Structure formats: C-alpha cells, structure tokens
Amino acid sequence: MAAGNFAAHLDEQKGGPLSASYQNFNQMTDQLAKTATLRDDFINQFSHEFCTPIASIQEFADLMQERELPKKERQAYLALISKEAHRLTNLSTNVLTLTTLESQTILNNQTSFDLTEQVRQAVILLWPQLEEHKLNVNLTLAPATAFGNADLLNQVWVNLINNAIKFTPDGGHLTIKIERHDDQIAVSVNNDGPLISPTDQDHLFEKFYQADNRSNVGGLGLGLAIASSPSGTHHRGFESC
C-alpha cells in the first residue's frame with residue numbers, strides 16, 4: 001500500500017476475533033483506490049476540457065502585449081479574459097465535485113433536514129435569473145423531510161432549476177413541486193421550453209455533453225451529470241425528476 005498498490009485485501013473469513021479490523025482495512029484500501037482514481041480522472045478531464053479557455057486567455061493576453069490597443073478594444077479583451085477565467089474556475093469546481101460523487105462510497109455529514117425549505121431556498125437563490133427572464137413560477141411544495149447530505153442534495157435542486165431557467169423562453173412558465181404519494185416523495189421541475197430530441201435524451205447525463213442547438217445558453221455540460229450522481233439522500237420512496 002505504501003508503494004501505491006491498493007488492490008491488497010485481507011481475507012475477512014480468516015480474521016477470527018479481528019474480522020471487524022480486517023473489514024475496516026479492506027474498506028480503507030477501497031477508499032484509497034477510489035481517491036487515486038479520482039485524482040487520475042480529474043487530471044485527465046482537466047487537461048482535456050481546459051484547452052479551449054486556456055488557449056483563449058493566452059491569445060488575448062498576447063494580443064494585449066504585442067501592440068497598443070484602443071481603450072475600447074483593450075476593455076473587450078480584458079472582459080473576454082475574465083470570462084474565460086471564471087469558466088475555468090467553474091469547470092474545476094464542477095469536475096472535482098462530479099468526480100468525487102462518482103468515486104464516493106462512504107457518505108459523510110448525513111443529517112435529517114427540511115426538504116421543502118431546502119427547495120424553497122434554492123428558488124430564492126436563483127430568483128434574480130427568474131426575474132431577469134420574466135418567468136412565471138408556480139411552487140407546490142408539500143411538507144417533506146429527508147435524511148442524507150443536505151449540501152449535495154441542495155446542489156441537485158440548484159442545478160435542475162438553473163437548467164430549467166436556461167431553456168425556458170422569456171415570459172415562460174416554471175413549475176416546481178414536492179408531492180407525497182403514500183410513503184413516497186417526488187420532486188419535479190417542469191418548464192415549457194423546447195423538447196429535447198430522443199438522440200440528445202440518450203446523452204442527457206453524460207459529462208460535458210451539450211446539444212448542438214443549445215450551446216448558446218452557456219454552461220459546461222456538467223449540471224445534469226452532477227444532479228444524476230448519488231446525492232447522498234436516503235428516504236423511503238424518495239424520487240427526483
């Protein structure tokens with residue numbers, strides 16, 4: 001293990017009175033292996049997806065160094081550099097979050113929390129975007145409690161609602177519901193934006209995938225991938241869509 005070989009496991013059947021320790025050891029090696037995978041995946045995706053914004057920053061920085069520029073043109077270049085820098089920051093944060101979710105088997109910081117209030121707070125957080133696009137919002141939130149990692153699940157709601165806002169025409173409608181059906185809870189986010197083609201639906205939750213006709217709305221192609229990853233919430237009959 002010290003040399004980086006995390007495939008080593010102890011035979012728990014031979015542990016005798018130390019079987020619990022054997023089990024903990026094996027669990028530790030599994031987590032270390034997943035951490036190594038997380039690191040490698042992050043580096044690979046980092047290098048691939050970061051090429052475009054880094055190249056843009058370098059290009060505009062070089063242009064600003066090579067010649068005297070009118071103030072208006074210089075400000076335009078600076079704005080583009082700032083935009084690409086923010087894109088890099090968001091990309092690194094989201095890639096790390098997604099890779100962590102995909103590699104995580106042990107979930108920490110699980111608590112019981114008010115799911116209804118969490119969804120309401122997600123709507124409040126995105127209210128400036130809702131007002132900007134003059135969207136009509138209909139909230140139907142039944143009382144609900146969930147148990148799990150509240151921070152991770154909050155990111156699910158923010159991503160889903162933000163995605164719905166992006167693809168809803170100005171003046172359109174957005175409906176967010178929490179419904180109880182016997183022992184089940186369903187959370188849904190619906191809008192009246194354009195339908196997603198069957199071809200694109202097959203790739204909807206793939207990392208970095210964006211439909212060709214939707215690239216004008218911005219984004220990184222990671223929001224739904226993060227939302228579909230294990231959210232760390234355990235509730236009998238809990239569903240989200």
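**Buried residues in a predicted model**

Good morning. Let me begin with Q118, which is buried, its relative accessible area being 10%. The structure I am presenting is a predicted model. Buried here stands for a relative accessible area under 20%. Q118 belongs to helix α4. Which residues does Q118 touch, if we leave out those up to four places away in sequence? They are F113, A150, L153, N154 and W157.

W157 brings us to the next topic, the nonpolar cores. The largest nonpolar core has 26 residues, and W157 is among those that touch the most other members, together with L115, I161, L174, I176 and I178. At least two residues of this core come from each of α4 (115-125), α6 (150-166), β4 (173-181) and β5 (184-191). Which element gives the most to this core? That is α6, with nine residues.

In general, a pair of aromatic rings is described by two values: the distance of the centres and the angle of the planes. How many aromatic pairs does a search of the whole structure find? The search finds one. Its members are F60 and Y77, with ring centres 5.2 Å apart and planes at 40°. Why is the pair called tilted? Planes under 30 degrees apart would count as stacked and over 60 as edge-to-face, so the remaining angles count as tilted. F60 lies in helix α2 (residues 51-66) and Y77 in helix α3 (residues 71-103), so the pair links distant parts of the chain, 17 residues apart. Both F60 and Y77 are buried. Thank you for your attention.

Notes
Residues numbered from 1 in each chain as written. Predicted model: local features only at pLDDT ≥ 70, side-chain atom pairs only at ≥ 80, totals over all residues. Heavy atoms only, no water. Core = buried A, V, L, I, M, F, W, Y, C linked by side-chain atoms within 4.5 Å. Buried < 20%, exposed > 50% of the residue type's maximum accessible area, 1.4 Å probe, protein only. Helix = DSSP H or I, 4+ residues; strand = E, 2+ residues; numbered from the N terminus. Contact = heavy atoms within 4.5 Å. Phe/Tyr/Trp six-rings, centres within 6.5 Å; stacked < 30°, edge-to-face > 60°.
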